[in-house]
Amino acid sequence: MPKKMEFYLKTAKKRHWLLVLILFVISCYLPYLIFGAYPFANKTNATPDEVGLLTQNVSLPDFYQNNLDEITAKQRKLEEDAFTSWDGGKCRFCHSIKRDDRDRMAPNLHRILGKPAAVSQNFTYSSALIEMRKNGLIWTPETINAFISNPENYIPGNRMRMEGIKDPKTRELIINYIERESQ
Amino acid sequence: MNAIKAERLSSSLSWVIFVLFVVVFANMLELPRIPIESPDKDSLRNFHIATGSLLFACSCFRAYLWLQYPPQRKQGKLPIEAYNQLHILQFSLYCAFIAQGLTGIVTAWSDGLMQFLPGATTVHHSLWVLSGYLHSVFGFFYIAIILFIILTGFYHMIRYRVWRFSIFA
């Protein structure tokens with residue numbers, strides 16, 4: 001390094017670095033605060049046996065044996081758009097849905113209907129959602145509808161940072177899409 | 001390389017980095033709005049990886065020049081203390097770009113988007129989640145630094161009557 005040049009990093013004092021450190025610490029929290037992201041994904045939430053115990057005394061229809069109505073290509077596109085698009089539910093930005101899709105920022109929703117809440121592997125759930133699992137929450141079209149209409153109101157403290165889908169038709173299209181993709 | 005050449009090169013590189021930053025930032029704002037299965041998503045993501053890698057490489061070179069030929073205080077009105085603060089923020093910005101690039105490469109690699117060995121499976125969900133989170137952290141970090149550089153610049157204008165400042169030094 002040329003000796004005549006002033007090297008300001010050396011003459012700087014601790015308080016000059018303190019601002020940078022504070023900004024970095026705040027930045028570490030922001031993805032969690034804004035997107036509900038979590039840096040670790042190694043928490044195993046429930047074993048298959050535990051999942052079986054959670055549903056053994058609950059009478060649920062087999063959502064995947066239902067013969068869904070045949071729909072037109074236009075209707076199918078509407079359902080897909082409701083699930084995937086920015087103007088719709090924005091679900092696909094965090095959730096995958098196809099059978100072979102990997103988990104993304106949020107759990108895969110393939111065959112979510114009939115499952116207890118917070119049982120996917122590879123995902124660190126909020127304490128609020130784990131508590132709801134213990135209280136017996138099982139995902140059905142009705143509970144999903146209530147959840148996505150206002151997530152924070154339905155499960156306070158959950159990490160799905162969205163304000164809710166107000167339009168009942170969009171919610172219906174999304175649930176139909178989940179059911180159809182899980183067949 | 002002498003100090004004058006290094007300064008010219010640093011200045012040019014700063015402009016290149018500024019342009020790349022604007023392009024990557026605009027791409028970053030657009031990317032989430034495109035549905036994942038759409039072909040546009042792939043194009044935009046590939047573009048993001050390409051320009052982001054270029055930004056990473058230029059930032060590494062800029063940081064190297066910075067350490068070898070540190071920028072000198074040209075504004076006599078600006079006290080050394082004030083210059084130190086601005087200087088550290090600007091240097092931290094390049095460090096943030098480098099960290100952003102590194103975490104971006106790991107994110108893309110663990111998502112199976114970059115393969116250095118043909119046919120090798122690189123998908124690693126836990127690593128993808130961690131590096132993706134850090135990529136987001138450094139994104140917020142450089143936005144915060146830029147904001148504070150601008151605020152510091154305005155403060156220097158009012159307090160010391162220094163009418164010229166640059167974000168990227």
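1. Confidence. The predicted model scores ipTM 0.91 and pTM 0.89. Chain B averages a pLDDT of 90, and 100% of its residues score at least 70. For chain A the mean pLDDT is 87, with 96% of the residues at 70 or more. Where pLDDT is low, the predicted coordinates should not be read in detail.

2. Confidence by element. In chain A, helix α1 (residues 8–11) has the lowest mean pLDDT of the elements, 76, whereas helix α6 (residues 141–149) has the highest, 95. In chain B, the lowest mean is 92, in α1(B), and the highest is 94, in α4(B).

3. Architecture of chain B. Chain B contains four helices and zero strands, and its pattern along the sequence reads α-α-α-α. The C-alpha trace of chain B spans about 60 × 35 × 25 Å along its principal axes. Of its 169 residues, 34% count as buried. When contacts in chain B between residues at least 6 apart in sequence are considered, 73% join residues at least 24 apart.

4. Helix α2 of chain B.

5. The largest nonpolar core. This core has 36 residues, of which B:Leu89, B:Ala96, B:Phe141 and B:Ile145 touch the most other members. The elements giving two or more residues to this core are α2 (14–35) of chain A and, from chain B, α1 (3–30), α2 (39–68), α3 (80–110) and α4 (125–160). The most comes from α4(B), with 14 residues. A second, separate core holds 23 residues, including A:Leu113, A:Leu129, A:Ile174 and A:Ile178. In soluble globular proteins, nonpolar side chains tend to be buried together.

6. Surroundings of B:Leu89. With its neighbours within four places in sequence left aside, B:Leu89 is in contact with A:Val20 from chain A. Its contacts in chain B are B:Ile145, B:Phe148, B:Ile149 and B:Thr152.

7. Which element of chain B gives the most to the side that touches chain A? The contact takes 31 residues from chain B and 33 residues from chain A. On the side of chain B, α3 and α4 each supply at least two residues, and α4(B) gives the most, with 12 residues. By type, this side of chain B divides into 20 nonpolar, nine polar and two charged residues.

8. Positive phi angles. A:Ala118 is not a glycine, yet has a positive phi of about 60 degrees. A:Ala118 lies in the loop between α4 (73–84) and α5 (127–134) of chain A. B:Arg161, also not a glycine, has a positive phi of about 60 degrees and is found in the segment after α4 of chain B.

9. Is A:Ala118 buried or exposed? A:Ala118 has 23 other C-beta atoms within 10 Å and is therefore buried, the cut-off being 20 or more. B:Arg161 has 10 such atoms within 10 Å and is therefore exposed, the cut-off being 12 or fewer.

Notes:
Residues are numbered from 1 along each chain as its sequence is written. Chains are lettered from A and ligands numbered from 1 in the order in which they are written. This is a predicted model: local features need pLDDT of at least 70, side-chain atom pairs count only at pLDDT 80 or more; totals for chains, interfaces and linings use all residues. Two residues are in contact if their C-beta atoms, placed from the backbone, lie within 7 Å. A nonpolar core is a set of buried Ala, Val, Leu, Ile, Met, Phe, Trp, Tyr and Cys residues joined through C-beta atoms within 7 Å. pLDDT is the predictor's confidence in each residue, from 0 to 100. Ala, Val, Leu, Ile, Met, Phe, Trp, Tyr, Cys and Pro count as nonpolar, Asp, Glu, Lys and Arg as charged, and the others, Gly among them, as polar.
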